[in-house]
Amino acid sequence: MSADHSAPPIASLERIAAAHWQAADQAALGEWLLRADGGFTGRANSALPVGDPGMPLVEAVDRIGQWYLHRGLPPMIVIPGPLASAAQPPDPLDTLLAARGWRVRSGPAVVMTAQTGAVAGRGQGADRTPGATGVPVTLASRPDAAWLARYHYRGMAELPASARRLLQSAPWQAFASVEDGGQTIAVGRVSVAAGWAGITAIDVAPEHRRRGLGTALTRALAAEAAGRGAGRVFLQVEEGNVAARALYERCGFATVHRYHYRVAPVPGAPS
Ligand SMILES: CC(C)(COP(=O)(O)OP(=O)(O)OC[C@H]1O[C@@H](n2cnc3c(N)ncnc32)[C@H](O)[C@@H]1OP(=O)(O)O)[C@@H](O)C(=O)NCCC(=O)NCCS
């Protein structure tokens with residue numbers, strides 16, 4: 001795996017990522033960001049604790065708990081950090097939450113970055129994935145019904161109604177589709193915010209995988225963002241998603257940091 005030595009600091013990249021996926025309900029807690037959107041996606045329903053909350057950690061955690069419970073949502077805080085291989089002192093917030101019984105939500109993720117031009121240009125010549133040759137990728141400014149039906153976030157059969165707004169919550173985004181016989185068989189999204197591109201929602205129908213569609217989508221989305229002036233691209237992928245990580249590495253992405261979510265204990269539940 002190639003390292004990306006020009007990756008920005010973790011806090012900067014986390015703030016950039018937040019601008020690409022903006023919850024309907026957001027509030028500041030000092031420099032921290034509280035986000036709620038009916039529970040759909042961790043990113044849109046967790047506090048982002050980067051910077052100074054302007055108060056002691058214990059008080060900030062209490063405030064976050066109240067903010068989410070007031071909205072009928074489980075209090076959740078994302079904990080970004082360096083890769084396990086990097087020498088690292090324990091994160092004081094993570095330590096505090098663990099001591100208070102906040103559990104780690106399943107599916108920790110990694111953040112990967114690349115140069116958009118490199119991803120878009122990969123495959124010209126000898127490096128090209130044979131299956132990706134000539135895959136027609138269509139781009140639109142909004143997700144249509146077929147696009148939404150094809151996107152199964154974390155295996156969900158159907159997206160909640162709120163997903164349509166969330167998918168269009170960046171300053172700019174585009175939605176890619178691959179069709180076959182009148183059926184949408186693969187989709188993806190790219191957004192541009194804070195000078196960066198972000199790739200999300202790559203989903204290929206199971207019976208069409210390993211034919212280069214994921215690669216074709218990733219390249220097309222990066223090319224579209226490069227055309228909008230975004231020089232760098234990031235994405236977030238579950239640590240255990242071997243297929244997607246292999247795809248992105250082959251497209252030129254390097255893993256730069258990781259994150260997990262901590263969820264507050266349910267009041268009254270056995271610990
Ligand atoms: C991950 C996913 C998008 C890959 O799509 P795809 O169209 O099969 O990908 P490609 O055919 O372009 O694969 C390109 C390369 O990625 C790697 N790859 C893809 N699937 C893989 C798998 N299951 N295991 C290991 N490597 C895999 C291989 O290196 C592959 O090249 P090869 O087929 O020549 O060996 C697809 O499996 C999928 O939709 N998964 C469910 C949704 C998902 O996880 N999305 C990503 C969210 S971040």
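This is a predicted model: local features need pLDDT of at least 70, side-chain atom pairs count only at pLDDT 80 or more; totals for chains, interfaces and linings use all residues.
1. The elements giving two or more residues to the shell around the ligand are strand S9 (196–204), helix H7 (213–227), strand S10 (232–238) and helix H8 (242–250). H8 supplies the largest share, six residues. Helices (H or I, at least four residues) and strands (E, at least two) are DSSP runs, numbered from the N terminus.

2. The ligand is surrounded by 19 residues, with Ile202, Arg210, Gly214, Thr215 and Asn241 the closest; a residue is near a molecule if one of its heavy atoms lies within 4 Å of it.

3. Polar contacts are pairs of N or O atoms within 3.5 Å. A polar backbone atom of Arg210 lies 2.7 Å from an oxygen atom of the ligand, and for a backbone N or O atom of Gly212 the distance to a ligand oxygen atom is 2.8 Å. The protein buries 75% of the 910 Å² that the ligand exposes when taken alone (Shrake-Rupley method, 1.4 Å probe).

4. Residues are numbered from 1 along each chain as its sequence is written. Local features need pLDDT of at least 70, side-chain atom pairs count only at pLDDT 80 or more, totals for chains, interfaces and linings use all residues, and side-chain values use heavy atoms, with hydrogens and water left out.

Terms used. A polar contact is a pair of N or O atoms within 3.5 Å; within protein, one must be able to donate a hydrogen and the other to accept it, and residues adjacent in sequence count only if both atoms are side-chain atoms.
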